[in-house]
Amino acid sequence: MISFTLDLKVIKSLLFFFLLGCVLRIIPDLIAYPYPVGYDIINYYIPLADKLNTIFQNDSFQFYPYLLYTFKSFIPLNPQGLMISLSSITYGLFSVSIYLLLKGLNLKPALLMTLFILFQISALRTTWDLQKDILALSFTFLIFYFILKDRNTYYHKNKIIYFGLIISLVILTIFTDTMISFLLILSLSIYFIIKKDKKYII
């Protein structure tokens, strides 16, 4: 009963931060509408959303165009509306990943620290433009969270699940953003060599 209550509390917190991130990201777009917000949104992401079929031929190993294509298949919006929706959801995921990482580090003021980070001008300014960076950072923070969970569990089944999630997110990060994936691989390599964790080194 206590475990269920704790899980319910965590789920409510995750939902709160996801919705908060979505709302924070969509406010500038609603204020500026019908004009898009962000240099890269105007010059790269909206044209990308408008020309998905031709982009696949040139960018076959990029994750973001496929994500856009999936959203476009289910959400009948114009390119700008599609980008507003996806940008909002991306910042919601970013919010959740920050909260989980802080929670995984057992920091007591995780809720307040997450709020502090979300309202930083630098974070908000980044999400107006660099969608792939925000998505890759979200994957990176989730990877760190699952590594912490993996190291704190003694159940073999859970370790297999966390390992699978970590590897999947690493692959997604590599296909999402080159710079962040390079930093991720470098930092993880150093960490696992220090910890002498052969499973992850291999």
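Predicted model: local features only at pLDDT ≥ 70, side-chain atom pairs only at ≥ 80, totals over all residues.
Visitor: Why are α8 and α10 called roughly parallel to each other?

Guide: The axes of α8 (residues 131–152) and α10 (residues 178–195) cross at roughly 15°. Angles under 35 degrees count as roughly parallel, so α8 and α10 get that label. Their axes come within 10 Å, and α8 passes α10 in a right-handed crossing.

Visitor: Which residues make the contact of α8 and α10?

Guide: From α8 there are Asp133, Ala136, Leu137, Thr140, Ile143, Phe144, Ile147 and Arg151. Facing them in the contact, α10 brings Met179, Ile180, Leu184, Ser187, Leu188, Tyr191, Phe192 and Lys195.

Visitor: And what classes of residue does the contact of α8 with α10 have?

Guide: You get 11 nonpolar, two polar and three charged residues. Leu and Ile count as nonpolar, for instance, while Asp, Lys and Arg count as charged.

Visitor: Is the crossing of α2 and α4 left-handed or right-handed?

Guide: Right-handed. The contact pairs Tyr45, Leu48, Ala49 and Asp50 of α2 with Tyr64, Pro65, Leu68 and Lys72 of α4.

Visitor: How many residues of each class does the contact of α2 with α4 have?

Guide: Six nonpolar, no polar and two charged.

Technical notes. Residues numbered from 1 in each chain as written. Heavy atoms only, no water. Axes fitted to C-alpha atoms, helices over the stretch in contact; angles between N-to-C directions. Helix = DSSP H or I, 4+ residues; strand = E, 2+ residues; numbered from the N terminus. Parallel < 35°, antiparallel > 145°, perpendicular 65-115°, else oblique. Left-handed = near helix turned anticlockwise from the far one by under 90°. Contact = heavy atoms within 4.5 Å.
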